[in-house]
Amino acid sequence: MSLLDGPLSARRAGPEQEFGHDALIVCDNLVRIYQTGSIEVQALQGLDLLVHEGEMVAIIGASGSGKSTLLSLLAGTDAPTAGRARVASWDLMSMSRRERVHYRRHAVGLVRQQTARNLVPYLSAAQMVDLPMTLAGVPRRERRSRTGELLESVGVAHCARRRPAQMSGGEQMRVAICVALANRPRVLLADEPTGELDTETSGEVFGALRTANSQLGVTVVMVTHDPDVSGQVERTVAIRAGRTSSEVLRRSTTGADGEHRVVAEEYAIMDRAGRVQVPKDYREALALTRRVRLALETDQVAIRPDTGA
Ligand SMILES: Nc1ncnc2c1ncn2[C@@H]1O[C@H](COP(=O)(O)OP(=O)(O)OP(=O)(O)O)[C@@H](O)[C@H]1O
């Protein structure tokens, strides 16, 4: 009898579909190697990630784990060394220079950590939001109404005529979000958007990202070190050494007492070759070392220590 005979046979997958065929963002075995002289740094080492349309995802990970590299690849400001990366119908591996310009102008919006890099010091907020639309050839009347709507939607309409030096850090970041959203991208990428801000201001910026996601329907992927921020999104993906290592999914439930609660569940990530990283504390608790026993049970796969028996 095969291992999959009996009740499990009904769960066999149907015809194989392309990995992430229904996702908006697909990173499949993504590799990015930086070469500086004779030194090679593998910033991404076969990273898999799927993000579906409408999601808001936080990417977390230690310094140097590859978070910014991933965001630059998705933003089209850098190209992968190997693997597959797709955003909507854009194949990030094979885009021509011209397609890349179009992709960066229309398909994705990018907000960088250093607020100053997002803004032009001598332009007002309204002029900055207008600029990407002017470059894209949007008619003047439409530009004006879109600019007003965007600034209003994230609570910075009062900054329309102010230049960056006349705005607070949180206002500058919210204007930067409007600039990134001007050409109606399907994806908004934000690298440490609250990194330089205090808790209250960071809440306002996070609120602006939420608005983009829930009211404008933009899929948001943000890198953050801020546990207050990552703790509020429905999905947090952890990257370790250039690979996705675990995910936390949060959902709201209503208890028997009628109270709303957020339930957070942590998942390990299995890559396409079937590799799963067993957390260190689990390995230590059962003295799991190099060789372990795997057992397929009706509804789970068990990993047991090698007792030598
Ligand atoms: N342009 C580059 N040239 C060479 N090495 C680079 C370059 N950019 C990043 N790296 C290296 O790639 C690895 C991943 O860097 P990355 O900036 O993506 O990490 P990160 O997780 O965003 O870190 P941090 O949280 O500190 O911003 C690091 O070892 C880094 O030193």
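Student: What makes Val-263 in strand 11 the bridge partner of a residue, and which residue is that?

Tutor: The partner of Val-263 is Arg-251. Strands here are DSSP runs (E, at least two residues), and helices are runs of H or I, at least four residues, numbered from the N terminus. Residues are numbered from 1 along each chain as its sequence is written. This is a predicted model: local features need pLDDT of at least 70 and side-chain atom pairs count only at pLDDT 80 or more, while totals for chains, interfaces and linings use all residues.

Student: How do you know that strand 10 and strand 11 pair?

Tutor: Two strands pair if DSSP finds at least two bridges between them. Nine bridges join strand 10 (residues 243–254) to strand 11, so the pair meets that definition. The two strands run antiparallel.

Student: Why is strand 11 said to stand at an edge?

Tutor: The open sheet has seven strands in the order 6-7-8-3-9-10-11, with mixed pairing. Strand 6 (108–111) and strand 11 (260–268) each have a single partner strand, so one side of each lacks a neighbour in the sheet.

Student: What makes helix 7 a helix that packs on the sheet?

Tutor: Helix 7 (residues 199–214) touches strand 3 (56–60), strand 7 (187–191) and strand 8 (219–223). Contact means that C-beta atoms, placed from the backbone, lie within 7 Å.

Student: Which residues does Val-175 touch by that definition?

Tutor: Leaving out residues up to four places away in sequence, Val-175 touches Leu-119, Ala-125, Met-128, Val-156, Cys-159 and Met-167.

Notes. Contact = placed C-beta atoms within 7 Å. Axes fitted to C-alpha atoms, helices over the stretch in contact; angles between N-to-C directions.
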